[in-house]
Amino acid sequence: RAIAMSVSHSSKLNKLVREQYMKLPQGELAQVTYVWIDGSGEGVRCKSRTLDKEPKSIEDVPEWNFDGSSTGQAEGSNSDMFLVPVCMFRDPFCLDPNKLVLCEVLKYNRKPAETNLRHMCKKVMDLVKDSHPWFGMEQEYTLLGINGHPYGWPDNGFPGPQGPYYCGVGADKVYGRDIVESHYKACLYAGVKICGTNAEVMPSQWEFQVGPCEGIEMGDHLWMARFILHRVCEDFGVVATLDPKPMTGNWNGAGCHTNYSTEEMRKEGGLKHIEAAIEKLSKRHNYHICVYDPRGGRDNSRRLTGHHETSNIFEFSAGVANRGASIRIPRQVGQDGYGYFEDRRPAANCDPYAVTEAIMRTTVLNETGVETKDYADN
């Protein structure tokens, strides 16, 4: 039977009419959209302004401010917060010469906001820059109608059991490919280092991969890819959720598997450095679980059950080609003796700045225990 898809009203507006206005010339002026992480640590916000000319570098984009009391980041009596531009991309929605600019959020005293995890991550990445850390993150997400029900699922009941959906092809196997391909193309246009995509194990669940990125660039590019995903979904009238377990029961959760290597791991004989890093991670499992989702591990506890291709949240494990382990060494890396490894614990809604910083603290800066060292400004 035909199912009425639950899409937003705004997605039904005539897009051809909008296109007519988008083609109008804008002279030398440039529209810059400032993007930032809000007080939830998961949501993104944006607002736009006009600059006299196209900015050629991040230094050409001025600081701005916003009302932090409306984003869960400040009191109403002292609500102005600073937006400090840190990374610039082409705008795939308004097109050249317009820009998307990722910003850090500073409080009235110019200290980082509580959800500005980039600030400390950048300090750590500067400390470890000689090790040339590369990351690639695999962002899983689930498409929902605006009624909160997985997109394309029957109104009452469930689709057939998992099996045919992973990397599936066909109208009865995958839902929402138009959204996925539009997001991919938009990221390529923007300059986001997106490197792949695939349909996931649960129907209406998808994944895109960003990387390889060095240091702080990982968090910057993944956050902008997330922003672009939410904007593309807005145009199609659906919602992308990063909830680590959007559907209870016998359905896969959603993670953000993080691939990682240092320069010495990528060289001949690098396997011993990979194994040494995994040994360090094994002794700091609880610390990593606490920073791998925004709620100190509570979100991940719904996902990391030891079932559905996950490890158990209470136990650390590692293995070659083992998707049920905390850390997976790819089979090819085991054969070659060098390369990278995959931390499968981060939740889909993790902050990539927190994840990459934690990995560097443990594997390169040799921190132990649950406490972290506060590195003073250089």
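Is cysteine 167 buried, partly exposed or exposed? With a relative accessible area of 43%, cysteine 167 is partly exposed. This report describes a predicted model, beginning with the overall fold and then turning to individual residues.

**Overall fold**

The protein has 9 helices and 13 strands. Its radius of gyration is 21 Å, close to the 21 Å given by the globule rule for 378 residues, so the protein is as compact as a globular protein of that length. Taken along the principal axes, the C-alpha atoms fill a box of roughly 60 × 60 × 40 Å. Of the 378 residues, 50% count as buried. The protein exposes about 17600 Å², and carbon and sulfur atoms supply 51% of that area. Among contacts between residues at least 6 apart in sequence, 67% join residues at least 24 apart.

**Aromatic pairs and charges over a ring**

The structure holds 8 aromatic pairs. One of them is formed by tyrosine 260 and phenylalanine 341: the ring centres are 5.4 Å apart and the planes stand at 90°, so the pair is edge-to-face. Tyrosine 260 belongs to strand 10 (residues 256-261) and phenylalanine 341 to strand 13 (residues 341-343), so this pair ties together parts that are 81 residues apart in sequence. Tyrosine 260 counts as buried, at 1% relative accessibility. Phenylalanine 341 is buried too, with a relative accessible area of 1%. Ring pairs also bring in Phe135, which is linked with Tyr260 and Phe341 into a cluster.

Tryptophan 64 is approached by charged side chains. The charged end of lysine 47 sits over the ring of tryptophan 64, 4.1 Å from its centre. Arginine 49 lies over the face of tryptophan 64, at 4.8 Å from the ring centre.

**Cysteines**

How many disulfides does the structure hold? The number is 0. Cysteine 103 is in no disulfide, and its nearest cysteine sulfur, that of cysteine 87, is 10 Å away. Cysteine 167 is likewise in no disulfide; for this residue the nearest cysteine sulfur is that of cysteine 195, 14 Å away. Two sulfur atoms must lie within 2.5 Å to form a disulfide.

The table gathers the relative accessible areas of several residues.

| Residue | Relative accessible area | Class |
|---|---|---|
| Tyrosine 260 | 1% | buried |
| Phenylalanine 341 | 1% | buried |
| Aspartate 96 | 40% | partly exposed |

**A loop residue: aspartate 96**

Where is aspartate 96 placed? Aspartate 96 is in the loop between strand 4 (80-90) and strand 5 (99-106). This residue is partly exposed, with a relative accessible area of 40%. Leaving aside its neighbours within four places in sequence, aspartate 96 is in contact with Arg90, Asp91 and Tyr189. Aspartate 96 and tyrosine 189 are 93 residues apart along the chain, and their C-alpha atoms are separated by 9.8 Å.

**Helix 2 and its surroundings**

Helix 2 comprises residues 118-127, and its buried residues are Arg118, Cys121, Lys123, Val124 and Met125. Which elements do the buried residues of helix 2 pack against? They pack against strand 4, strand 5 and strand 6 (134-144), and also against helix 4 (217-236) and helix 9 (352-363).

Methods. Residues numbered from 1 in each chain as written. Predicted model: local features only at pLDDT ≥ 70, side-chain atom pairs only at ≥ 80, totals over all residues. Heavy atoms only, no water. Phe/Tyr/Trp six-rings, centres within 6.5 Å; stacked < 30°, edge-to-face > 60°. Helix = DSSP H or I, 4+ residues; strand = E, 2+ residues; numbered from the N terminus. Buried < 20%, exposed > 50% of the residue type's maximum accessible area, 1.4 Å probe, protein only. Lys NZ or Arg CZ within 6 Å of the ring centre and 35° of its normal. Rg over C-alpha atoms; globule rule 2.2 N^0.38 Å. Contact = heavy atoms within 4.5 Å. Areas by Shrake-Rupley, 256 points an atom, 1.4 Å probe, with all protein chains shown as cover.
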